[in-house]
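Subject: A structure for you to look at

Hello,

Here is the structure I promised to pass on. Please open it next to this email and follow along.

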Amino acid sequence: MSAVEPMIYRVPHEEVRAILEKIPGYGLIGVDVENEASLMDDMLASEKDRIGYARKKVTENGADSAIFLVKDDTGILTINIGDVITIRIRIRGHRRFLNDLGLRREGNGTDKTGC
């Protein structure tokens, strides 16, 4: 059995805020927030609290970059805010997410994201 290579899609950083509002509808598996400048992210107990905190940070600071990785039938949205905050959101409904956002791999199937 051969391993399936992960697929990476670039997400327009200006759309991240709107995406965070819709993301729970895609079968939220988990949310991880790492904020090097705060201990607040360590104190958040529920997925609802973590996604709310992620929305707040993106609203306050904007997103510098965002990628969507599909690996092992799970979609992972990774958002970076400077070198300080990293947000990772795992979802089940990655096919619908990709379709709804119109995200496509470019060219001949090779990764063109620069990641």
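Start with Asn 80. Asn 80 counts as partly exposed, because its relative accessibility is 26%. Here buried means under 20% relative accessible area, exposed means over 50%, and partly exposed is in between (1.4 Å probe, protein chains only). Asn 80 lies in strand β4. Helices (H or I, at least four residues) and strands (E, at least two) are DSSP runs, numbered from the N terminus. Asn 80 touches Ala 63, Asp 64, Ser 65, Ile 85 and Thr 86, leaving out residues up to four places away in sequence. Contact means heavy atoms within 4.5 Å. Gly 62 is 18 residues from Asn 80 along the chain, and their C-alpha atoms are separated by 9.2 Å.

A word on the source. This is a predicted model, where local features need pLDDT of at least 70 and side-chain atom pairs count only at pLDDT 80 or more, while totals for chains, interfaces and linings use all residues. Residues are numbered from 1 along each chain as its sequence is written, and side-chain values use heavy atoms, with hydrogens and water left out.

The sheet

Now step back to the sheet. It is open and has five strands, in the order β1-β3-β4-β5-β2, with antiparallel pairing. The edge strands are β1 (7-10) and β2, and each pairs on one side only. From one strand to the next, the twist averages 15°. Two strands pair if DSSP finds at least two bridges between them.

Take the pairs in turn. β3 and β4 run antiparallel, with seven bridges between them. In this pair, Phe 68 has Leu 77 of β4 as its bridge partner. Strand β4 (residues 74-81) is also joined to β5 by seven bridges, again antiparallel. There, Ile 79 stands opposite Ile 87 in β5. Strand β2 (residues 28-35) pairs with β5 in the antiparallel sense, over seven bridges. Gly 30 stands opposite Arg 90 in β5. Glu 34 stands opposite Thr 86 in β5.

Why is β4 largely enclosed by the rest of the structure? Seven of its eight residues are buried, so the strand is largely enclosed.

Look at the faces of β5 next. In a regular strand the side chains alternate between the two faces of the sheet. Strand β5 (residues 85-91) has a covered face made of Ile 85, Ile 87, Ile 89 and Ile 91. Its uncovered face has Thr 86, Arg 88 and Arg 90.

The turns

Most residues other than glycine have a negative phi. Asp 72 counts as exposed, because its relative accessibility is 65%. Asp 73 is exposed as well, with a relative accessible area of 51%. The hairpin of β3 and β4 has two residues between the strands. The hairpin of β4 and β5 has three, and Gly 82 takes a positive phi near 60° there.

The helices

Helix α2 (residues 47-61) lies across β2, β4 and β5, and runs at about 50° to β2. Helix α3 packs on the sheet and touches β1, β3 (65-71), β4 and β5. Its direction makes about 140° with that of β3. For these angles, axes are lines fitted to C-alpha atoms, for helices over the stretch in contact, and angles run from 0 to 180 degrees between N-to-C directions.

The cavity

How many cavities of 30 Å³ or more does a search of the whole structure find? The search finds one. A cavity is a set of points on a 1 Å grid over the protein atoms alone, where a 1.4 Å probe fits but cannot get out; lining residues have an atom within 4 Å of a point. The largest cavity has a volume of about 30 Å³. Its lining is Ile 19, Lys 22, Ile 23, Tyr 26, Phe 97 and Leu 101. α1 (16-22) and α3 (94-101) each supply at least two of the lining residues.

Best wishes

Terms used: On a 1 Å grid over the protein atoms alone, a cavity is a set of points where a 1.4 Å probe fits but cannot get out, and a pocket is an open set with protein on both sides within 12 Å along at least five of seven lines; lining residues have an atom within 4 Å of a point. Grid points are joined across faces, edges and corners, and a volume is the space filled by probe spheres set on the points.
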